[in-house]
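Open the model in your viewer and keep the selection panel at hand.

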Amino acid sequence: MWGIYYIFYSYFYNNLGQIRLSKSLCNPSCTRMIDKYTICLYFSTHTRIYKIARTGNQNCKSIEQMIGAGKMKQYTNVLDRPLSKGKQEVSLSGFAFLFSELVQYNQTQVDNIAELERRLEDAGYAVGTRILELLCHREKGNRRETRLLGILSFVHSTVWKILFGKVADSLEKGTEHEDEYMISEKELLVNRFISIPKDMGAFNCGAFVAGIVRGVLDNAGFPAVVSAHFVPVEGLQRPRTTILIKFAEEVLQREARLG
Amino acid sequence: MAAIYSLYIINKSGGLIFYKDYGSAGRMDTNDSLRLASLWHSMHAISQQLSPVSGCMGIELLQADTFDLHCFQSLTGTKFFVVCEPGTPHMEGLLKHIYELYTDYVLKNPFYEMEMPIRCELFDVNLAQAVQKDRVALLGR
């Protein structure tokens, strides 16, 4: 599971072959001295970052401080400065066209609707993996939720906000099964412009969002089966979309053990 | 009280891709509507050639004794036209709004095949609302 991505936020900035970290992450998970170099290993949820520095080097200490404290720093070199957060929104039309293309492309690659759903979910899964990584770092101070309700409300509020600009309409626990939770949305952003043809039955493009949720949960250590469904609501013309989350048995056992 | 009789959308090669009837007057069967659509497409093209002014974009309004025909052509050549009661106002605005709905609910729908007849539930729903709003505005007049 570990070691899929190796990120080196780095450039060699002097002839000692030192890799400098320009982003703060967390305290090193392990440090190893080899000869006259120190290798520090940093873990975030899914990423390993190595830092190599010369033992006893003055700069080494300052790097430690930079990583540990995460305080604002005056950057002398423009290249050291972190990228600004920039505009937080993207064009809805732009997204709608891109998503439409994604669905159309996947449609050409499959023979049945179940497979299309699975492919969209896989596309979402990759997004979920990255979103978890990013948000744990940016919003949660390198902490990751370890409890069931914690991670669910993280998905329902933090993840939803960053993806759709709002928290999800509701988060409910399934009445029939203990291991089922539902996130409902009156009008899911990805479905805003999409009309499902009659011959496609219960297909829902929310499968992509279900994939994102699965990606987040899975990588946070909460394996689950996630699916998207249309649920008709009384008094409303359009059915709402419900993301159904069914956790794996081990998750509930662990949760029970933790009390 | 039906101010709008019918609405047509024709693709850039003159095929009818959407047709909707409002009210009882001037109802046509499918063949007639197809014929009207392709006839209008050709007339529109000819009018561009015959126009005495340069840079003419084709007929925008056809006025007859019993009806008005307002036409709007998008940059890509898709034509929207409504047949309505003589002297009905705000039709240009309505056509532009329908064009907007078309770009939103038809072109952004992954299950719509370009140049083919429009069968999108959301487009129908929003179109009905737009036309309804237009009627309410007329009643309040």
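Select helix 4 of chain A and show side chains: A:Leu148, A:Gly150, A:Ile151, A:Leu152, A:Phe154, A:Val155, A:His156, A:Thr158, A:Val159, A:Trp160 and A:Phe164 are buried (under 20% relative accessible area, 1.4 Å probe, protein chains only; exposed is over 50%, partly exposed in between). The model is predicted: local features need pLDDT of at least 70, side-chain atom pairs count only at pLDDT 80 or more, and totals for chains, interfaces and linings use all residues. Residues are numbered from 1 along each chain as its sequence is written, chains are lettered from A and ligands numbered from 1 in the order written, and side-chain values use heavy atoms, without hydrogens and water.

Now select the partners. The buried residues of helix 4 of chain A pack against helix 3 (113–138), strand 5 (170–173), strand 6 (180–185), helix 5 (207–219), strand 8 (240–247) and helix 6 (249–258) of chain A; contact means heavy atoms within 4.5 Å. Helices (H or I, at least four residues) and strands (E, at least two) are DSSP runs, numbered from the N terminus.

Go to A:Val155. A kink of about 35° in helix 4 of chain A is centred there (the angle between axes fitted to the seven residues ending there and the seven starting there). Step past the helix end to A:Gly165: its phi is positive, near 75°.

Next, the sheet. Its 4 strands run 5-6-8-7 in chain A, open and antiparallel; pairing needs at least two DSSP bridges. Strand 5 and strand 7 (224–231) of chain A are at the edges with a single partner strand each, so one side of each lacks a neighbour in the sheet.

Finish on A:Ile183: its bridge partner in strand 8 of chain A is A:Ile243.
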